[in-house]
Amino acid sequence: MAQLFGDAVVEKDSFNAGLLEFIAGSPTPFHAVQRMAAILAANGFTALEEGEAWELRRGGRYYVTRNSSSIIAFNLPDSTVDVIARGVRLAGAHTDSPCLRIKPQPDMRKNNYVQLGVEVYGGALLNPWFDRDLSIAGRVDYIDDQRSLGSCLIDIGKAVAVIPSLAIHLDREANQSKSVNAQKELPPLLSISGVRDGAFDDFLLSWIREHAGVTNAARVLSHELSLYDTQAPALIGLHDEFISSARLDNLLSCYLSLQALLAGDDTSFNMVVCSDHEEVGSSSASGAQGPFLRSVLERIVGCVSTRVEKRAEDFERLIRSATLVSIDNAHGVHPNYMEKHDSNHGPILNQGPVVKINANQRYASNSTSVARFKALCAKVEVPVQAFVVRSDMACGSTIGPITAAGIGIETVDVGVPTFAMHSIRELAGSDDAHSLYRVMTAFFSAE
Ligand SMILES: [Zn+2]
């Protein structure tokens, strides 16, 4: 009988409650990683530091973060298991979501209105950002009164900003054609109390002194802060059929991967990698196109391989027997826009996870990895759907092809069907995340 890490598979209602709470508490990738690390630590996983020497214990459970915005968690089976020959079972997702990022020197004033300069992070759908009660969260770097550098996470929590729409009386064409000039139209309104240069940094300084426990902070030096919608995630629909929330793409997948890792067993070598910067191309030190995953896998091989001269070969053997399930949301077929999907490949909400396939390798799925995933779904009696973009439309992509190309791992791209992807509030089915969690729990179980 395989030993479970945590409790048995979580039922749907408590799974969804945990998912909603996770997303609500994770307004930025930094917060998502902080929460995932806390969940892992509470379940017996040990934090590793990339800058230190690793001595991994067989039977141990570990996690490591990079830039505080990407995280890799894994378990090592005990020494009766030939880890290299068995390969690693990987689930991959991303921690970032399109949003508005506050500029380094954001102070703006027009008339007496205090506004913030913002830039668009990723492919955000901009119209839904108007008329929302927005707050601010992210990372602040400061120098303290002893001239030491420090950094802390902040989440203001309360709504402090808004981007008011222009009234329709002043733009009669708004319902016919509304485009958004990001430089001109997106700076949110913060106050009507006047502003001077540096006022936002002063606000941050007093906030972190008062709320982040850094009472000796002397000056804010830089920050990575985003605006986010304060409306809490919710189950909606006549019978709670839907999950309505910001950042479903892709915190939903981060959460279900992590929960599946906890519910999986420790006789297979399982790993979850959640990377930042997917929405801007993944090309960064902590993104999926960077060396983080390869570095962690190489260090693990360095610890478990007994063939000192052949570690490079053992690394390749590990990858050859490995599988990556790359999890990212899929476009559900929208009843008001049926023509946007191929009629044979329109995933429907609450009808199961979606396998994403693209002949041009925008998704990394191949027939073998798809077959394996479908067999897993059948094993736990979860229906499965397929998505192929219309032949006359461009296809999106995921961390799947990037990771597959980077380290040569066999990959299947999957996800739950979603509406309004990259909006400030997205919509998924309330059955699907739990269904995919059950599939991934089977993936992380030994047989
Ligand atoms: Zn995504």
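Tutor: Let's start at alanine 73, which touches Leu40, Phe45, Tyr63, Leu261, Met271 and Val272, leaving out residues up to four places away in sequence (contact: C-beta atoms, placed from the backbone, within 7 Å). This is a predicted model, where local features need pLDDT of at least 70 and side-chain atom pairs count only at pLDDT 80 or more, while totals for chains, interfaces and linings use all residues. Residues are numbered from 1 along each chain as its sequence is written.

Now step back from that residue. Ala73 is among the residues with the most contacts inside the largest nonpolar core, together with Met36, Ile72, Leu252, Val325 and Met440. This core has 83 residues (a nonpolar core: buried Ala, Val, Leu, Ile, Met, Phe, Trp, Tyr and Cys joined through C-beta atoms within 7 Å; buried: 20 or more other C-beta atoms within 10 Å). Its largest share, eleven residues, comes from helix 6, residues 248-263 (helices, H or I of at least four residues, and strands, E of at least two, are DSSP runs numbered from the N terminus). A separate core of 30 residues includes Ile156, Phe200, Val220 and Leu225. In soluble globular proteins, nonpolar side chains tend to be buried together.

Six strands line up in the order 8-7-10-5-6-9, with antiparallel pairing (strands pair if DSSP finds at least two bridges between them). Strand 8 (149-155) and strand 9 (189-191) are at the edges with a single partner strand each, so one side of each has no neighbour in the sheet. From one strand to the next, the twist averages 30 degrees (axes are lines fitted to C-alpha atoms, for helices over the stretch in contact, with angles from 0 to 180 degrees between N-to-C directions).

Inside the sheet, strand 5 (residues 99-110) and strand 6 (residues 113-121) are antiparallel over eight bridges, and isoleucine 102 has valine 118 in strand 6 as its bridge partner. These two strands make a hairpin with two residues between them, and asparagine 111 in the turn has a positive phi of about 50 degrees. Strand 5 also runs antiparallel to strand 10 (residues 217-229), joined by two bridges; here leucine 100 is partnered with leucine 227. Strand 6, in turn, pairs with strand 9 over two bridges, where glutamine 115 meets leucine 189 as bridge partner.

Finally, find helix 5 (residues 199-211), which packs on the sheet and touches strand 5, strand 6, strand 7, strand 8 and strand 10. The direction of helix 5 makes about 95 degrees with that of strand 10.

Methods
Buried ≥ 20, exposed ≤ 12 C-beta atoms within 10 Å, placed from the backbone. Contact = placed C-beta atoms within 7 Å.
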